[in-house]
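Let's take a walk through this protein together, starting from its inside and working towards its open spaces. Have the sequence and the model at hand as you read.

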Amino acid sequence: MNDSLELISNDVENCKKCPLFKYACHGVPGEGPSNAKIFFLGQAPGVNEDKTGRPFIGRAGQYLTKRMEEIGLRREDCFITSTVKHFPPANRTPTHEEIAACQPYLIRQLKLINPKLVVLLGKSAQTIKGNPALDGRIVFEVIHPSAAMRFTKMAERMKREFQELKKIVERF
Ligand code: URA
C-alpha cells in the first residue's frame with residue numbers, strides 16, 4: 001500500500017508508542033503539501049498546537065512564519081512538523097526515548113514528501129542528523145524560534161541564519 005500524509009496523520013492520532021499520548025488532546029502530525037520542497041522540523045507541539053492539532057500556530061509559530069515571510073517563503077508551500085507529534089506535559093523537552101519512538105513518522109514524512117531542503121529548528125531536531133532519510137537533501141540548522149523570541153542576541157542570530165537560508169532557496 002502506498003503511504004500518504006493522511007495515513008501518517010491517522011497513525012499519529014492513534015499512536016501509543018510512548019506515554020505522551022496520555023496527556024495530549026490531539027496528535028500534531030504536521031502540515032503542508034505532500035510535494036513541499038522545504039521541510040521545517042521543530043521540537044514538539046505546544047499548548048496551542050495540542051488544542052488544534054496544527055503545528056507551529058502559537059507564538060513561536062507566528063515568529064517562525066514571520067521569519068519565513070521575510071525571506072520570501074510562503075508557509076503554505078512548506079511542510080512543517082516536529083520531532084515528537086504529541087505535546088509533552090508542561091511543555092518540557094521531549095526525551096530521547098520519546099523522540100526515538102516518534103521518529104518512524106518523521107522518516108515516513110521525509111520519504112513521502114522528498115524535500116530538497118530540511119531546516120532543523122533547534123537541538124531536538126538535530127537528532128535526525130545522520131539518518132539515511134536525509135541522504136541527498138540539503139540540511140540547514142537554525143536556532144529554535146522559542147529561543148530567538150526570548151533573547152535579542154538569538155533573535156539577531158536567527159535573522160542572520162534565515163538570510164543564509166534565503167541564499168540556498170534562491171539557488172533552487
Ligand atoms: N515548537 C515546535 O517545535 N513545534 C510546534 O509545533 C510548536 C512549537
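Please keep in mind that the model is predicted.

Which strands pair with strand 1? One is strand 3, residues 117-121, which pairs with strand 1 in the parallel sense over four bridges. Within that pairing, look for Leu41, which stands opposite Leu120. The other is strand 2, residues 79-82, also joined to strand 1 in the parallel sense and over four bridges. There, Phe39 has Phe79 as its bridge partner.

Searching the whole structure turns up two aromatic pairs. In one of them, the ring centres of Phe39 and Phe79 are 5.3 Å apart and the planes meet at 35°, so this pair is tilted. Because Phe39 lies in strand 1 and Phe79 in strand 2, the pair ties together parts that are 40 residues apart in sequence. Both Phe39 and Phe79 are buried.

The other pair is made by Phe40 and Phe162: with centres 6.4 Å apart and planes at 20°, these rings count as stacked. Phe40 sits in strand 1 and Phe162 in helix 6, so to speak distant parts of the chain, 122 residues apart.

Arg67 lies over the face of Tyr63, 4.6 Å from the ring centre. Elsewhere, Lys116 places its charged end over the ring of Phe172, at 4.8 Å from the centre.

Now for the empty spaces. Rolling a probe the size of a water molecule over the atoms shows where empty space is left. The largest pocket has a volume of about 800 Å³, and 37 residues line it. If you want to find its centre, look for Gln43, His144, Ser146, Ala147 and Arg150, which lie nearest to it. Two or more lining residues come from each of helix 2 (47-52), helix 3 (59-70), strand 4 (138-142), helix 5 (145-150) and helix 6 (152-170). Helix 5 gives the most, with four residues. Sorted by class, the lining of the largest pocket has 16 nonpolar, 13 polar and eight charged residues.

The volume of the largest cavity is about 70 Å³. Which element gives the largest share of its lining? That is helix 4, residues 96-113, with four residues. Among the residues lining the largest cavity are Val12, Cys15, Leu20, His86, Glu98 and Tyr105. By class, this lining has seven nonpolar, one polar and three charged residues.

Methods:
Residues are numbered from 1 along each chain as its sequence is written. This is a predicted model: local features need pLDDT of at least 70, side-chain atom pairs count only at pLDDT 80 or more; totals for chains, interfaces and linings use all residues. Side-chain values use heavy atoms; hydrogens and water are left out. Two strands pair if DSSP finds at least two bridges between them. On a 1 Å grid over the protein atoms alone, a cavity is a set of points where a 1.4 Å probe fits but cannot get out, and a pocket is an open set with protein on both sides within 12 Å along at least five of seven lines; lining residues have an atom within 4 Å of a point. Grid points are joined across faces, edges and corners, and a volume is the space filled by probe spheres set on the points. Ala, Val, Leu, Ile, Met, Phe, Trp, Tyr, Cys and Pro count as nonpolar, Asp, Glu, Lys and Arg as charged, and the others, Gly among them, as polar. Rings of Phe, Tyr and Trp (its six-membered ring) pair if their centres lie within 6.5 Å; planes under 30 degrees apart count as stacked, over 60 as edge-to-face and the rest as tilted. Buried means under 20% relative accessible area, exposed over 50%, partly exposed in between (1.4 Å probe, protein chains only). A charge sits over a ring if NZ of Lys or CZ of Arg is within 6 Å of the ring centre and within 35 degrees of the ring normal.
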